[in-house]
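Please look over the sequence and the 3D structure below before reading on. This briefing then goes through the fold, the aromatic pairs and the salt bridges.

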Amino acid sequence: MAGGEGTHRGPGVPTGEQAERMLADMNEVIRAGEEMRKLRAEMIGVFAGLGWTQERIAQLTDMSQPAVSKQVMKHKAAGPPPPMTLSLDQHDAPWLEGRLWGLAEEISENFYDTARCTHYVNAIARGRKRFTPQNVDELRRLLEEDLRLHQAEMPGNYWDAYDEISRGLDVPSGDTTAASASARRALAYLVQRDRLRSNTG
């Protein structure tokens, strides 16, 4: 009677529940890796459309130039992309979520040991947290706590950014056809972080 749940296990052998949890964690990492590869491929097309050279994209993505060229050709074959704006003043949910993520990352880096949002930011980076409505609400709650906790040390534009993002998330609107939700989040994340840094220097 080998292999059943009722068979005797020696010391150190994982239970079925432990094995299930471990494999689920592994699947999350694999899935996150696949999603990040897809996102990177899409972002290559976006940046090429914004006028970046293939050489520069290759440097930043740590890819060979032929590999970047192959991705660029795929995007060209699919037809010209819709026009893309990098203005912060956009109100679709993925863009606002990306801005929220960028603000959380800045706060986490500047107040790493005490920021309540740090574990959430790390989970997003590892692909263990997705941008579901529940997770976005939780990140907003943690950010509000951090903004209050570190109010004396934080630049005022952190609060301004959060208020603007939060109002938008309450009633999101706008067109998202210029890129996928993941790509728009990633772009908004980059633009928000750059804006916060340029206004605090």
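The points below are grouped by topic, from the whole chain down to single side chains. The model is predicted. The protein chain has eight helices and zero strands, and 37% of its 201 residues count as buried.

**Overall fold**

- Followed along the sequence, the protein chain reads α-α-α-α-α-α-α-α.
- Among contacts in the protein chain with a separation of 6 or more, 69% are between residues 24 or more positions apart.
- The protein chain has an accessible surface of about 12100 Å², and carbon and sulfur atoms make up 53% of that surface.

**Aromatic pairs**

- Four aromatic pairs are found in the whole structure.
- One of them joins F47 and W52: the ring centres are 4.3 Å apart and the planes meet at 20 degrees, so this pair is stacked, the term for planes under 30 degrees apart.
- F47 has 16% relative accessibility and therefore counts as buried, since the limit is under 20%.
- In the pair of W101 and F131, the ring centres are 5.7 Å apart and the planes are at 55 degrees, so the pair is tilted.
- This pair links distant parts of the chain, 30 residues apart: W101 is in helix 4 (residues 93-110), while F131 is in the loop between helix 5 (118-125) and helix 6 (133-149).
- W101 and F131 are both buried.
- Together with Y189, W101 and F131 form one aromatic cluster.

**Salt bridges between helices**

- Side chains of opposite charge can pair when their charged atoms come close.
- The whole structure contains twelve salt bridges.
- One of them is between E164 and R99, with the closest N and O atoms 2.7 Å apart.
- Because E164 is in helix 7 (residues 156-170) and R99 is in helix 4, this pair ties together parts that are 65 residues apart in sequence.
- E109 counts as partly exposed at 47% relative accessibility, and R193 counts as buried at 9%.
- Which residues are linked in a network of salt bridges with E109 and R193? The network also includes E106 and R197.

**A salt bridge within one helix**

- R141 and E138 form a salt bridge in which the closest N and O atoms are 2.6 Å apart.
- Both residues lie in helix 6, and because they are three residues apart there, about one helical turn separates them.
- R141 counts as partly exposed at 39% relative accessibility, and E138 counts as partly exposed at 25%.

Notes
Residues are numbered from 1 along each chain as its sequence is written. This is a predicted model: local features need pLDDT of at least 70, side-chain atom pairs count only at pLDDT 80 or more; totals for chains, interfaces and linings use all residues. Side-chain values use heavy atoms; hydrogens and water are left out. Helices (H or I, at least four residues) and strands (E, at least two) are DSSP runs, numbered from the N terminus. Buried means under 20% relative accessible area, exposed over 50%, partly exposed in between (1.4 Å probe, protein chains only). Contact means heavy atoms within 4.5 Å. Accessible areas come from the Shrake-Rupley method with a 1.4 Å probe; for residues, only the protein chains shown count as cover. Rings of Phe, Tyr and Trp (its six-membered ring) pair if their centres lie within 6.5 Å; planes under 30 degrees apart count as stacked, over 60 as edge-to-face and the rest as tilted. A salt bridge is a side-chain nitrogen of Lys or Arg within 4 Å of a carboxyl oxygen of Asp or Glu.
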